[in-house]
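Below is a short report on selected local features of one protein model. Look at the structure first, then read on.

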Amino acid sequence: MARTLFVTALAAKSGKAEAVAGLMDLVKGSAKAPALFRPVSSLDTALECINGGRSNELIDSVLAAYKDAAANADFVLCEGTDFTGRSAAFENALNACLVSNMGAPVVLALSGEDCSAVEVAATIITFRNQMKDMCVELLGVFLSGMSAEDEKAVAAGFSFPVSSRAEDFASILDKCEGHVTPRLFEFGLIEQAQKHPMRIVLPEGEEDRLIKAAAILIQRKVASIILLGNPEKIHARAAELSVSVEGAEIIDPVTSPDFEDFAETYAQLRAKKGVTIEQAREKMADNTYYGTMMIYKEKADGMVSGAVNTTAHTVRPALEFIKTKPTASIVSSAFFVCLKDRVNTYGDCAINLDPDAEQLATIAVTTAETAAAFGLEPRVAMLSYSTGNSGKGPTVDKVKEATRLAREKAPDMLITGPIQYDAAVDAATAKTKLPGDPVAGRASVFIVPDINTGNNLYKAVQRSANAIAIGPVLQGLRKPVNDLSRGCTVPDIVNTVAITAIQAQAEKGLN
């Protein structure tokens with residue numbers, strides 16, 4: 001991901017243009033392919049979108065343009081609005097919204113003309129706190145219009161550069177690590193899925209949330225949707241919900257012309273298990289088995305289920321006849337947990353009860369690969385109740401061995417363990433418990449030693465941080481089959497379908 005820095009101001013005549021020019025000169029000295037990006041080309045258009053209730057459309061258009069700018073760049077310098085509009089408050093709120101959704105740190109251009117050092121310092125503190133509340137880091141203040149003495153007095157109160165000289169900001173360039181925000185992550189999912197729409201089957205087609213999600217997916221052209229269930233019931237319920245599923249293929253398995261062929265295929269695949277044709281017909285009358293067989297017979301590219309059914313019911317048919325990839329020794333799961341300012345990945349919290357060291361190593365590498373496939377930079381923390389060599393016990397020993405094996409499997413991947421959760425996520429704790437480690441304090445992929453730990457961990461993070469958890473995303477199958485939580489929302493379903501579509505694209509070599 002390209003390093004990114006956002007330069008903003010609070011009013012006109014702030015010195016922003018000078019700040020951008022000076023910072024761009026610095027960037028050109030440290031980056032091979034820098035890009036200058038202006039998120040808002042027209043304030044009138046932005047105001048029209050917001051007043052018209054189309055804020056999401058505005059943000060998505062900015063994120064699309066940002067991704068285009070970053071596609072061939074290794075550093076993107078973003079310039080906020082010029083404050084030539086009617087409302088400084090509107091422009092401040094707009095810039096703050098954009099930078100928080102882009103996941104970039106910020107430099108403030110500020111004029112101290114006709115202000116005391118105390119007043120300027122107070123303005124900086126207020127702005128820093130506002131940014132902190134939005135999980136945006138203030139890296140420096142480009143100060144203009146003050147005497148050298150007053151500038152020095154202001155700068156003395158801060159640990160980051162506060163200066164009118166651009167060269168003083170050279171130290172911040174390496175800190176301009178952008179991160180994938182939940183909004184940027186979701187936007188990327190939808191955008192990628194739209195490039196090559198895949199056929200995704202939803203076995204629980206008569207359920208309200210699935211009907212609503214199908215309507216959104218069809219309208220946004222995220223995937224070609226196949227709903228399993230009674231067509232009359234689905235259309236009637238869609239009308240009651242005031243949505244349209246026109247464009248979806250709706251199949252009632254027991255009346256489908258493929259039913260007998262699917263049953264015969266299942267009986268052949270499970271003949272060694274003693275499955276008869278009558279038993280096979282019973283299985284194919286189950287929407288989940290029928291949907292999975294659609295994937296096997298290449299009449300669908302992927303499946304999403306679990307809003308009503310259990311994880312076991314969703315996964316069992318896939319394990320029976322979809323099977324694992326030749327390169328995968330185990331099927332596991334990953335959750336994408338969307339926090340306020342970033343997206344982390346957790347594995348395995350849903351499938352394997354108590355994996356051994358070899359299995360845990362495979363889960364670690366596979367989960368990291370899943371994160372990377374969706375645009376997230378994997379820094380893997382092998383979680384334990386001990387950090388480094390501070391503790392002993394069978395679980396610690398398992399995690400130590402799993403870490404060693406994972407490093408052998410993926411020598412170029414950043415993997416640390418055993419490590420406690422606080423040392424994995426908090427920089428200050430990391431300096432005490434594991435100083436100098438490249439993962440500690442900034443982990444993005446968390447591997448749990450067993451399902452009991454994992455299921456409780458991701459749900460604790462989800463509920464306490466008011467985060468969105470997407471998954472479980474299944475890893476290691478020949479074809480994509482993904483599970484939903486029975487408490488899932490409509491946006492959860494939309495995102496999971498997009499993820500499944502992207503996995504199907506990858507399986508076909510389309511992304």
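In strand β14, I415 is the bridge partner of V380. The model is a predicted one.

How enclosed is β13? Five of the five residues of this strand (residues 379-383) are buried, so β13 is largely enclosed by the rest of the structure. In a regular strand, side chains alternate between the two faces of the sheet. Both faces of β13 are covered, with R379, A381 and L383 buried on one side and V380 and M382 buried on the other.

Next, a helix pair. The axes of α3 (residues 55-71) and α4 (residues 88-102) come within 11 Å and cross at roughly 55°. The two helices are therefore oblique to each other. The crossing of α3 past α4 is right-handed. From α3, the residues L58, I59, V62, L63 and Y66 meet L94, C97, L98, N101 and M102 of α4. This contact comprises nine nonpolar residues, one polar and no charged.

Now the backbone. Most residues other than glycine have a negative phi, and most peptide bonds are trans.

| Residue | Phi | Relative accessibility |
|---|---|---|
| S242 | near 60° | 66%, exposed |
| E298 | near 60° | 52%, exposed |

S242 sits in the loop between α9 (231-240) and β9 (249-251). E298 sits in the loop between α12 (287-296) and β10 (302-305).

Cis peptide bonds also occur. One joins G347 and D348, with omega about -10°. D348 lies in the loop between β12 (343-347) and α14 (357-373). Another joins G471 and P472, with omega about 5°. P472 is in strand β16 (residues 468-475).

Note on methods: Residues are numbered from 1 along each chain as its sequence is written. This is a predicted model: local features need pLDDT of at least 70, side-chain atom pairs count only at pLDDT 80 or more; totals for chains, interfaces and linings use all residues. Side-chain values use heavy atoms; hydrogens and water are left out. Axes are lines fitted to C-alpha atoms, for helices over the stretch in contact, and angles run from 0 to 180 degrees between N-to-C directions. Helices (H or I, at least four residues) and strands (E, at least two) are DSSP runs, numbered from the N terminus. Angles under 35 degrees count as roughly parallel, over 145 as roughly antiparallel, 65 to 115 as roughly perpendicular and the rest as oblique. A crossing is left-handed if the near helix is turned anticlockwise from the far one by less than a right angle, and right-handed if clockwise. Contact means heavy atoms within 4.5 Å. Ala, Val, Leu, Ile, Met, Phe, Trp, Tyr, Cys and Pro count as nonpolar, Asp, Glu, Lys and Arg as charged, and the others, Gly among them, as polar. Buried means under 20% relative accessible area, exposed over 50%, partly exposed in between (1.4 Å probe, protein chains only). Two strands pair if DSSP finds at least two bridges between them.
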